[in-house]
Amino acid sequence: MLLGFRPSLRLLSPRLQLLQSRSMQSEHPATSAAVGSVLSALRSICGEGGVSFGAAVREQHGRDESIHRCCPPDVVVFPRCVEEVSALAKVCHQHNLPIIPFGTGTGLEGGVSAVKGGVCFSLRNMDQVLDLHPEDFDVTVEPGVTRKALNSYLRGTGLWFPVDPGADASLCGMAATSASGTNAVRYGTMRENVLNLEVVLADGTVLHTAGRGRRPRKTAAGYNLTNLLVGSEGTLGIITKATLRLYGIPEAMVSAVCSFPSVQAAVDSTVQILQAGVPIARIEFLDDVMMDACNRFSSLSYAVSPTLFLEFHGSERSVEEQVLTAEDITQSNGGSDFQWARDAGSRERLWKARHDAWYAALALRPGCKAYATDVCVPLSRLPQIIVDTKQDLMENRLTGPIAGHVGDGNFHCLMVVEPSDPEELHRVHLFTERLARRALAMDGTCTGEHGVGLGKRALLCEEVGPEAVKVMQRLKESLDPKNLMNPGKILQ
């Protein structure tokens, strides 16, 4: 079934595109010249309206939601099927043109920036849900299908796809960045929820990572190519189909919010809830600065203190048992100001603070931009790293309220920065590097869910070591010897 969730972007006529593109000089004249020589080949594959080199279209496809500067491609193509993606890749491979896959542009690490120019493959026209197997709890989707579109399509089946990064991202883009979100503590990340991928490699070869059409719940057959491509950020191939796990919609859902006297008390409660075997669906942390921002932004009246937002899924009886256990544990750690919500409307209102955290942070400094850090540490180290991070923010006069997926040890500082102030930008850059290295020193990672992209390439080497990076480089060279797939990302 076709899902018509497409941005209303009007493609300019070829004549207007030429006039407009001349006003935006390419930073890569050799690549730009090569693109000019293959325009007729590109148009023969995906049609006159499927190729755009207008400045506005290129700019839109040269940036994501990060603070990395816009690096527009030389041309944007809009393939409609895997055959067109493969044919376009073959043209690019023959003429040594970089290939940059583009889903919805909601990434946070500059993953779609065309740092070497080239051809952006915008996959929005491939927006079909291809195969739904309710009895097997799986579905296959094209790269233009977003998570909200899929869950809308599933309405009435009793199934849902729970991985929720916040933005209405494309599902194949989520696979490419190994995205996760608030439900990961119960349902896992994209890495645990992708069964098979169809991928177009740099030379146009079409690869099925688990075999064409295969969708077993588990396999021990050969190397795990699916998980190699999950999190590859477009550097190994273009994901053109993803087969995903689905879950039954729970019979009952209950949400709660609870404030604590300290970060330590909130994290202790989280650890004890997990140790008690409570299959909690979501457990989110907001610090006092974030709670104050959310109260101001959404006219709420939550306590301005470290706070947990919790959600429980299951049968009516099991949810009651989960709630009682969690309430006992949180109260033993000084939790107070409990608010419970059972119906959908009440749950939505209760979670409003968490859902609006990004906009609440931005409202602290109108006119500024936001950048989200993304470290993850073992749970036992979470209180210390948050305390150290808050001290670092105060000492360096930075605005960075904290929100996190505390059940995974993953948290974000929502850095609110004036982009026209180079001195403040420099302080933010130094802070984010200190934070990442603080996480690494605590046996954690520099990125829990946003990916490496442009900004964390040096940190990747510090995290996994030079030998692991060399193996990654050899894998990259094996699949993409010309370094055409999203060059400049992940590996330096």
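1. Helix 18 and helix 19 meet through L460, C461 and V464 on the helix 18 side and P466, A468, V469 and M472 on the helix 19 side; contact means heavy atoms within 4.5 Å. By class, this contact has seven nonpolar, no polar and no charged residues. Ala, Val, Leu, Ile, Met, Phe, Trp, Tyr, Cys and Pro count as nonpolar, Asp, Glu, Lys and Arg as charged, and the others, Gly among them, as polar. Helices (H or I, at least four residues) and strands (E, at least two) are DSSP runs numbered from the N terminus.

2. This is a predicted model, in which local features need pLDDT of at least 70 and side-chain atom pairs count only at pLDDT 80 or more, while totals for chains, interfaces and linings use all residues. Residues are numbered from 1 along each chain as its sequence is written, and side-chain values use heavy atoms, with hydrogens and water left out.

3. The pLDDT, the predictor's confidence in each residue from 0 to 100, averages 92 for the protein chain, and 95% of the residues score at least 70. Over residues 1-24 the pLDDT is below 50, yet this stretch has 48 contacts in the model beyond near neighbours in sequence.

4. The axes of helix 18 and helix 19 come within 6 Å and cross at roughly 120°. Helix 18 is therefore oblique to helix 19. Axes are lines fitted to C-alpha atoms, for helices over the stretch in contact, and angles run from 0 to 180 degrees between N-to-C directions. Angles under 35 degrees count as roughly parallel, over 145 as roughly antiparallel, 65 to 115 as roughly perpendicular and the rest as oblique.

5. The second largest pocket has a volume of about 820 Å³. Of its 39 lining residues, G231, S232, L460, M472 and I490 are the closest to its centre. Helix 19 gives the most to this lining, with five residues; helix 9 (225-229) and helix 18 (457-464) are among the others that each supply at least two. The lining divides into 14 nonpolar, 16 polar and nine charged residues.

6. On a 1 Å grid over the protein atoms alone, a cavity is a set of points where a 1.4 Å probe fits but cannot get out, and a pocket is an open set with protein on both sides within 12 Å along at least five of seven lines; lining residues have an atom within 4 Å of a point. Grid points are joined across faces, edges and corners, and a volume is the space filled by probe spheres set on the points.

7. The structure holds one cavity of 30 Å³ or more. Strand 13 supplies three residues, the largest share of the lining of the largest cavity.
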